[in-house]
Amino acid sequence: MVKRTKIKQLLASAPGVEVLAKGWVRTKRGNKQIKFIALNDGSTINNIQVVADTAVIDEDTLRRVTTGASLAVRGQLVESVGSGQAVEIQASEIEVLGECDPMRFPLQKKDTTLEYLRSVAHMRLRTNTFGAVLRIRNAMAFAIHKFFNEKGFVYLHTPLITESDAEGAGDMFQVTTLDLKNIPLDKKGNVDFSKDFFGKKTSLTVSGQLEGELGATAVGEIYTFGPTFRAENSNTPRHLAEFWMIEPEMAFYDIVDDMELAEEFVKYLVQYALDNCMDDLRFLNDKYDDGLIERMQSVLGIPFQRVTYTEAVEILEKAIADGVKFEYPVHWGTDFQSEHERYLVEKYFRKPVILIDFPKDIKAFYMKQNEDGKTVAAMDCLVPGIGEIIGGSEREASLEKLEARIDELGMSRKNLEWYIDTRRYGSVPHSGFGLGFERLLLFVTGMSNIRDVIPFPRTPKNAEF
């Protein structure tokens, strides 16, 4: 009995064998005597051509073969007489596994916009575009684990439900089992969270970093890779309410070690995509971004430029004086916007940039304070087309400085004593960073909207499926 072979394997096989292929119809064309069916099973961007002789395959079956229908095709793998592929299937039997009404099927032969596809997001994964994105996303996830595994890092699962706000932004989704129609109140009229499931106020995590530091001070080097959540009411092409983060934390690493690891990590992932996803990259390069592959190749084989925040401000201020127009102002103490980051990468240095030594007032409380008292040992890795793709820092290892910074910011220590303990008991210099997975995918797919590199985007007023 012939077993099913995936189309990716069939296209690389030699002719002269009987095969069984299963997949969905991309197109059907032909005449009364012969039909040509393009079949795809998601294993590759490429279709295999099925040649169906009407003298062999009955008319009723061929009538049910429409765009979107699923088929099982048995036949002989033969040398293709047409261009574009080496082999095709000469069908001896076609079984329609699932019919598809061509009049109602939302994915027609003609090109459809990404905006339209978001409106039928439950079906868009079947298109060539999203098949390519999903395969690249899968490859990048595998490469991330491979990179850290080869370096001896421990994969740490940090909690999705937490009481700590690692970023201090406050934009968190609350988790509760309280009856919203009958919320218990305490004597002061506030919500009585002692009656809630966890006995305290809890939320979905915005970062696994703080818990990651606990792991690093136990086993040396860890990384997290999981979903994070931000209740930020933003509808821009760069924001999601649910996204995935990779957050390594390393004991005994200083800021220089941190930057070196970040640069190596980015280059490794880009090279892996070029080595293993070229068919999909070529498709996306041709369809959406004709500079994609060249831009990816441009980050390899060169050292990333390292620039202090202060130097970057001076460069941007000079650019403004020379007539460059930015939407957002630039002066020492402001947080850079994407337009500023991309100017530095794409116009000024023309290579990836790692910015270091940011003003402490625009960075998180846990970052190591520099001796100047004004800046912290933070670093942002910027790449062309995206801007910031990684943000990280050396962490403040001094108990006294960390406590002083928490007090300076007026933060509650109630939920942070466990974190402060890492500085009380055997503190070490340590560093880490966060890579937004979807930001990475924007870079390696050439897509312009972050909603198009995640299967099921979560954004304000949008939580379908």
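User: How many bridges join E10 to E11, and do they run parallel or antiparallel?

Analyst: E10 and E11 run antiparallel and are joined by 9 bridges. Tyr-223, for example, stands opposite Pro-248 in E11. Strands here are DSSP runs of E with at least two residues, helices are runs of H or I with at least four, and both are numbered from the N terminus. Two strands pair if DSSP finds at least two bridges between them.

User: Before we go on, what kind of model is this, and which residues count?

Analyst: It's a predicted model, where local features need pLDDT of at least 70 and side-chain atom pairs count only at pLDDT 80 or more, while totals for chains, interfaces and linings use all residues. Residues are numbered from 1 along each chain as its sequence is written, and side-chain values use heavy atoms, with hydrogens and water left out.

User: OK. Is E10 buried or exposed?

Analyst: 8 of the 9 residues of E10 (residues 221-229) are buried, so the strand is largely enclosed by the rest of the structure. Buried means under 20% relative accessible area, exposed means over 50%, and partly exposed is in between, using a 1.4 Å probe and protein chains only.

User: And what sheet do E10 and E11 sit in?

Analyst: An open sheet of 8 strands, in the order E6-E10-E11-E16-E15-E14-E13-E12, with mixed pairing. The edge strands are E6 (154-155) and E12 (305-308), each pairing on one side only.

User: How do those edges pair up?

Analyst: E6 pairs with E10 in the parallel sense over 2 bridges, and Val-154 stands opposite Ile-222 in E10.

User: Remind me, what holds paired strands together?

Analyst: Strands of a sheet pair through backbone hydrogen bonds, either parallel or antiparallel.

User: Let's look at E16. Which strands does it pair with?

Analyst: E11 (residues 242-251) pairs with E16 in the antiparallel sense over 5 bridges, and the partner of Glu-249 in E16 is Gly-432. E15 (residues 387-394) also runs antiparallel to E16, again with 5 bridges. Ile-390 has Leu-435 as its bridge partner in E16.

User: How many residues of E16 are buried, and which way do they point?

Analyst: 7 of the 7 residues in E16 (430-436) are buried. His-430, Gly-432, Gly-434 and Gly-436 point one way, and Ser-431, Phe-433 and Leu-435 point the other way.

User: Which residues have the most contacts inside the largest nonpolar core?

Analyst: Ile-94, Met-140, Phe-265 and Ile-390, in a core of 89 residues. Helix H7 (residues 255-276) gives the largest share, 11 residues. A nonpolar core is a set of buried Ala, Val, Leu, Ile, Met, Phe, Trp, Tyr and Cys residues joined through side-chain atoms within 4.5 Å.

User: What does Phe-265 touch?

Analyst: Leaving out residues up to four places away in sequence, Phe-265 touches Ile-144, Phe-147, Phe-148, Ile-246, Ile-390, Phe-433 and Leu-435. Contact means heavy atoms within 4.5 Å. A second, separate core has 31 residues, including Ile-315, Ala-319, Phe-358 and Leu-399.

User: Switching to backbone angles: what's up with Arg-350?

Analyst: Its phi is near 55°, a positive value in a residue other than glycine. Arg-350 lies in the loop between helix H11 (338-349) and E13, and Arg-350 is exposed, with a relative accessible area of 66%.

User: And where is Phe-465 found?

Analyst: In the segment after helix H14 (437-445). Phe-465 has a positive phi of about 75° although it is not a glycine, and at 55% relative accessibility Phe-465 counts as exposed.
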